[in-house]
Amino acid sequence: MADAEGEFVEYVSARLPSLHRTAFLMCGDAHLADDVVQQTITALYVSWRRVSRVDNVDAYVHRMLVHKLVDEKRLSWAKVRLFGAVPESPRTPVTPHDEVAERDSVVGALARLSRGQRTVLVLRFLCDLSLADTAAAMGCSEGNVKAQTSRALAAVRQVLDVAEMSGRSTR
């Protein structure tokens, strides 16, 4: 048992810089590379007796490293992340009255747009159509859709900013 542990420690000590460099080059993040290498070494320790008998241990360990990195990327959404800054404060609860007022202001802003601008916003953002699908539906070029979208969003932002400013002054 002590002999197997000695072999493991010797192998990891010799390969650790190379494993870390490989992990870093694959993911581009030194902290993530540290985590992936640690997970790989832990898994390697658990199965060292079996792994040490394969023909090419380095290739096997590199495959383990790649699998751990893929797992990390795939499952990262399920892990807790600690942030260096305090998260935003929670929004105040929205009442049904607030939702109706917001919907009315958006509908009012849309009503001020030209038919083409209103159509492009509805197709792109409410119907979630792609740029190409919106252009096909409107019978125009993708460049036209981009231009209409840009102008329409600018106009809506302006109308909503003015409405928000006037709403603040009356409070």
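Mentor: A pocket here is an open set of points, on a 1 Å grid over the protein atoms alone, where a 1.4 Å probe fits, with protein on both sides within 12 Å along at least five of seven lines. This is a predicted model, in which local features need pLDDT of at least 70 and side-chain atom pairs count only at pLDDT 80 or more, while totals for chains, interfaces and linings use all residues. Residues are numbered from 1 along each chain, and side-chain values use heavy atoms, without hydrogens or water.

The second largest pocket holds about 160 Å³ of space, a volume being what probe spheres set on the points fill, with points joined across faces, edges and corners. Its lining residues (an atom within 4 Å of a point) are V106, L110, L121, V122, F125, L126, L153, V156 and L160. At least two of the lining residues come from each of α5 (96-111), α6 (115-126) and α8 (142-169), helices being DSSP runs of H or I with at least four residues, numbered from the N terminus. The largest share, 4 residues, belongs to α6. By class, this lining has 9 nonpolar residues, no polar and no charged ones, where Ala, Val, Leu, Ile, Met, Phe, Trp, Tyr, Cys and Pro count as nonpolar, Asp, Glu, Lys and Arg as charged, and the others, Gly among them, as polar.

Turning to the packing, the axes of α1 (residues 2-27) and α4 (residues 57-75) come within 11 Å and cross at roughly 40°, axes being lines fitted to C-alpha atoms over the stretch in contact, with angles from 0 to 180 degrees between N-to-C directions.
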